[in-house]
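Good morning, and thank you for coming.

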Amino acid sequence: MATFDLDECFIDEPTLRRLASVAGHLFRGRAAALPGRRPRRSPTASGNDFLGYRDYRAGDDLRALDWRASARAWHPQVKQFGSECSTRWFICLDRSASMRLPESGKWALASHLTAAFAYVLLHAGNRVGLIVFSGGIDTLCASGSGREQYTRLLDAVRRCRPREEGGGSNLAACIPALRADASVLVISDLLTEDGMRPALDLLLRRGHEVQVVQTLSAEECTLHRTGPTLIRDVENGVSLPVDASESGRAAAQTSLNRFRGSSDAYCRRRGIPFSSCETSRTWDRWLIDHIRKLEASND
């Protein structure tokens, strides 16, 4: 199983920059590059507002090059203005108790993906905010742009840990904090009775562009015991009898696969880009997979 070191992953900026360069065209100045949808423009970013720098790309106006910034970064940097990139994003990260079980890799994977998506979105010139939630909003970082905003978001993610127990997973609690022009990326295991679908439906009805990244453990259905036993739901405290035999684990895995399939089917019907990620692979591989899905949706 993959292991995750938060600091090692988060400071690997060359990897993040490489991924951002590949994915930037999918997130630059538009909500999700989804066919048939027009992103809202942020009213705070006019064409003359300087929002930061990005890597030079073939075809860019050479007059936009900033030589001092390029010298500091050791590669060509281009100034970005509001007319290029004015989409506002919020990443909604679930820190409910189920995100720490059955092992810590699930939370590490979700944290890494949160940091990586924040970097990619900011690198593309977007304004990015963060909401960490469980039963309600636990951490709120207002949207911003540039390197300083990435540092703020990264610090917020590093300080967060999943709840020990209780609290639930209430995505709907995030909605009042979202601006009407915000696109939303949800990162969660989605392990609620309703799969968070009512909240996702509400986001869509309010006009938000939505993407969903589900994070699960490769050991989601593993119990380190055998025979009949009781397990307790860490979010609602209810104890349930389960069969920890091989056949019982196989049945649980079948049920989990069915749940993932239904989540995927729901998102397809709603036009929501969806990825289901497990700790058996590293965060960068899952990010690349999600990027490829976005590219395929535009073909």
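This is a predicted model: local features need pLDDT of at least 70, side-chain atom pairs count only at pLDDT 80 or more; totals for chains, interfaces and linings use all residues.

Residues are numbered from 1 along each chain as its sequence is written, and side-chain values use heavy atoms, with hydrogens and water left out.

The protein chain contains 8 helices and 10 strands. Here helices (H or I, at least four residues) and strands (E, at least two) are DSSP runs, numbered from the N terminus. The chain has 299 residues, of which 52% count as buried. Buried means under 20% relative accessible area, exposed means over 50%, and partly exposed lies in between, with a 1.4 Å probe and protein chains only. Of the contacts between residues at least 6 apart in sequence, 77% join residues at least 24 apart; contact means heavy atoms within 4.5 Å.

Let us turn to the sheet. In what order do the strands of the open sheet stand? The order of its 6 strands is β5-β4-β3-β6-β7-β10, and the pairing is mixed. Two strands pair if DSSP finds at least two bridges between them. At the edges are β5, residues 137-144, and β10, residues 274-278, each of which pairs on one side only. On average, neighbouring strands of this sheet are turned by 15° against each other, direction ignored. For this and later angles, axes are lines fitted to C-alpha atoms, for helices over the stretch in contact, and angles run from 0 to 180 degrees between N-to-C directions.

Strand β3, residues 88-94, pairs with strand β6, residues 182-188, in the parallel sense over 6 bridges. Within that pair, Arg 88 has Ala 182 of β6 as its bridge partner. Two helices pack on the sheet. Helix α5, residues 146-159, touches β4 (127-133) and β5, and its direction makes about 10° with that of β4. Helix α6, residues 197-205, touches β6 and β7 (210-216), and its direction makes about 160° with that of β7. Among the residues of α6, Ala 199, Leu 200, Asp 201 and Leu 203 are buried. Just after this helix, Gly 207 takes a positive phi of about 90°.

Strand β7 deserves a moment. It runs parallel to β6, joined by 5 bridges, and Ser 188 stands opposite Gln 214 in β7. How many of the 7 residues of β7 are buried? The count is 7 of the 7, so β7 is largely enclosed by the rest of the structure. Val 210, Val 212, Gln 214 and Leu 216 point one way from the strand, and Gln 211, Val 213 and Thr 215 point the other way.

Next come the contacts of helix α4, residues 105-123. With helix α8, residues 283-297, α4 packs at an angle of about 50°, the axes being 9 Å apart. That makes α4 oblique to α8, because angles under 35 degrees count as roughly parallel, over 145 as roughly antiparallel, 65 to 115 as roughly perpendicular and the rest as oblique. On the α4 side the contact includes Leu 109 and Phe 117, and on the α8 side Trp 283 and Trp 286. The residues of this contact divide into 8 nonpolar, 2 polar and no charged. In this scheme Ala, Val, Leu, Ile, Met, Phe, Trp, Tyr, Cys and Pro count as nonpolar, Asp, Glu, Lys and Arg as charged, and the others, Gly among them, as polar.

The axes of α4 and α5 come within 10 Å and cross at roughly 170°. That makes α4 roughly antiparallel to α5. This contact has 8 nonpolar, 4 polar and no charged residues.

Finally, two loop residues. Asp 66 lies in the loop between β1 (50-55) and α3 (67-73), and at 13% relative accessibility it counts as buried. Leaving aside neighbours within four places in sequence, Asp 66 is in contact with Tyr 53, Gln 77 and Lys 79.

Ile 272 lies in the loop between α7 (246-270) and β10. Ile 272 is buried, with a relative accessible area of 5%. Its C-alpha atom is separated by 7.0 Å from that of Val 212, 60 residues apart along the chain. Not counting residues up to four places away in sequence, Ile 272 touches several residues, including Leu 204, Val 210 and Tyr 266.
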